[in-house]
Amino acid sequence: MQKLLRVLVIILIIAVLLIVPGIFIVRGILKQSVPSYEGTIRATGLKGEVTIWFDSLSVPYIEASDETDAAYALGYLHAQERLFQMELGRRAGLGRLSEVMGEKTLKFDELFRTVGIERTARKILEQTPDETRKMLDSYAEGVNSYIRLNKSRLPVEFDILGYTPEEWQPLHSIIMMRMMAWELNIAWWQDISLTRVVEKAGEQKRNDLIPSFPEYAPLISSLNIKSTGGYNFAFFDIVKDYREFAGITGSQAGSNNWVIAPSLSSSGAAILASDPHLSLQQPGKWYLAVIRAGSFNVSGVTLPGIPAAVIGKNDSIAWGLTNVMADDADFYSLQITKDRKGYIVDGDTLALAIIETEIKVKDQEPRHYRIYVSEFGPLVSTGHPHNTDSTEVGYLREIAMKWTGNDISDEYLSAYKLNKAGNLNEFRTAVSHFKVPGQNFVYGDRKGNIAYYSGAGIPARGEGDPRMILEGTTRKTQWKGYIPFADLPSAVNSPQGYIATSNNRTKITPYYISTLWEPSSRIERINRLLSDKEKHSAQDFMRYQYDRVSFYAEKVTPYILSAFSEVKVQDINLKESLMLLEAWDYSFDPNSQTPTIYSVFLYKFYENTLKDELGGELLNQYSRIANVPLKIMFQLVTNASAPVFDDVKTFQIENRDDIIRKSLNDALNYLESRFGEKIAAWQWGEVHTLTLKHFFSGNSELLDRFINDGPHPLGGDGTTLNLSEYPFYRYDTFGRVKEFENLVGPSMRFICDFAQPDQFYYSTTGGQSGNSMSDHYKNLTADWLDGKYMLVKTDKASFSKNKNMLRLIP
């Protein structure tokens, strides 16, 4: 036995001696791909020399004499830090993932070729003005310069997948913008889901189950289909699967921005704040940059793949964005001829445009794929798995999708003009070019002006209920163009001294915009915070962005307490839970147990109310956009006699308070089984966590430690200013989402006080780099979690003090 033990010890020692040096060798090889922050690089295509200083957090200060050279440098830096992130985005939009990932992504390639991201992007590029085309061309040259000079030290993801990326094209930047529009499009979910929900639950429960419709908007429900039988809804599942595959789970819908006039500012100047709420991944969405290039002087967050600041400031103005929440897509039921070459509209047969395409698949023969396009948009129900050459197979009815992202608009022109705008009129002109994804632009400037404009392509709709699948055999339901920009919501120098948006409802009589608004909790909270004090500072804004108090919870909790007011409570944990809810300040502190009790109750209340009507599968589908369950639950909790409270599986007739009592008891049973019977162990941060996941996450626990960031305890919820959305559905296809795990949150926080025009405050997850071996891969998360900010200086005198300097010379 001792001899055997000795042999095992020797083998272990040898293994360690072999493995440890191996780890250092591998680490050394991987470190070679870490970006360079100093030195001189000869770069083909530059007009003049570009100097780039990097601060200690790897934020670049780009100095160039020409704006196209600045675009070149930004392209080089984006490629240096985020090339694989850019590669995934462009390949998805092109429908070319399967070339490098194999058959598992074939349905995604079919999806995006059907939707037509590349077809639309090519049309946009053809109409791109010379001034912005030059920027796109130079940016592409910068990306390609990095690829050419670093083919032997590209990010390790390319080695894992076994290929070298192709050169970047201006087309790819436009595709990246349209892919962002697709990511923020939540209307794809609405029409199909709500049609199926009403069909399943019945017309009697219709108003209890779908978001309310504006009373001033046209609605002729006879122009909507009543039955979904016989339709192929694989599209819905493929879109869902793609979002989970790409790590863009959650609604992608929440954001905050606000601006105060000098009259409310403790500094005497306008102060602006913006924090867009997006899926939280590793690496994050944004790359921070400061650019000084002649008249192109801008600082802020950029999206890798696009040569512009999306949110930020220049010498004269600052701006922030939130999602308009526009219903920017409709689905139509078309009657297709049996030969699948035409469709019927108002009794006439119109020809379908038929596009033949070939999809390359890694290690397999190419797949031939056919796309059908109507004047209502591409047919999305003909896709996987029913796309076929046989004329004898196929439905007499197919579904077409009309999306604003398939129409021509120039968001890069808007961004370019926005970056260079020097006053309110130039800002307004820049916003007028922006259509998709519809955004609320909030503005402040050095002169003290504040403003808000909606930049969105809002369809001027025809007849029918746009929340559900429309009848496509008549042009009565077609879009009639877009609402003119002059008619969209706007405000200039508001008399209350501030302007704020939080994805809340806006109204343009007689037009319909959406029913996809976020609950009013966040906008009510910021309105109270901005009204409670006479003066506000940038430091106040930091506290507001980090605020975890929920007006939604404040409104719902009394209904829970009321349901137990006449009940003699015997259970110790139930009694203590009610006491905690009664004393609660509605703050979702990660160290508090009360948010846990409330949140699990809300989950159970939703399930106990609707699962018997809809079934588990449809309830999951219905719950994909988190604000819908939140809005529906509030509609229901204020209506004690809503028919949906009755459990169809029991003989008795249940009401709201019955379901509330059952749900709180179910919540306590869940918590006791998961965390034990002591309420002290039920902290919200133990249940509600954040893990920033890399694209390759889930393949190996050991690998995940290096490429992921987390799990981290998290506060807030989907109704707090410091938003941290979790899912109301139980699972996803790839097994990546857990109950109460954070999906969406502040992807960055930005604050600009014009009393100090050469600086701003910034916070984000992850870091500047997408390279997991970089010191700047996840060095910023801790401060983001704690509500801390970095101060970013934008003047040359401050930046030129940094030691790290990279020179690009022609």
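Arg122 and Glu118 sit 4 residues apart in helix H5 (residues 117–126), so about one helical turn separates them. Helices here are DSSP runs of H or I with at least four residues, strands are E runs of at least two, and both are numbered from the N terminus. A quick note on the source: this is a predicted model, where local features need pLDDT of at least 70 and side-chain atom pairs count only at pLDDT 80 or more, while totals for chains, interfaces and linings use all residues. Residues are numbered from 1 along each chain as its sequence is written, and side-chain values use heavy atoms, leaving out hydrogens and water.

Side chains of opposite charge can pair when their charged atoms come close. Here, a salt bridge means a side-chain nitrogen of Lys or Arg within 4 Å of a carboxyl oxygen of Asp or Glu. The count comes to 38 salt bridges, including these:

| Pair | N to O distance |
|---|---|
| Arg122 and Glu118 | 2.8 Å |
| Lys47 and Asp66 | 3.8 Å |
| Asp407 and Lys402 | 3.8 Å |

Lys47 is in the loop between strands E1 and E2, and Asp66 is in the loop between strand E3 and helix H2, so their pair ties together parts 19 residues apart in sequence. Lys47 is exposed at 61% relative accessibility, but Asp66 is partly exposed at 22%. (Buried is under 20% relative accessible area, exposed is over 50%, and partly exposed is in between, with a 1.4 Å probe and protein chains only.)

Now for the sheet. It is open, with 3 antiparallel strands in the order E13-E14-E15; strands pair if DSSP finds at least two bridges between them.
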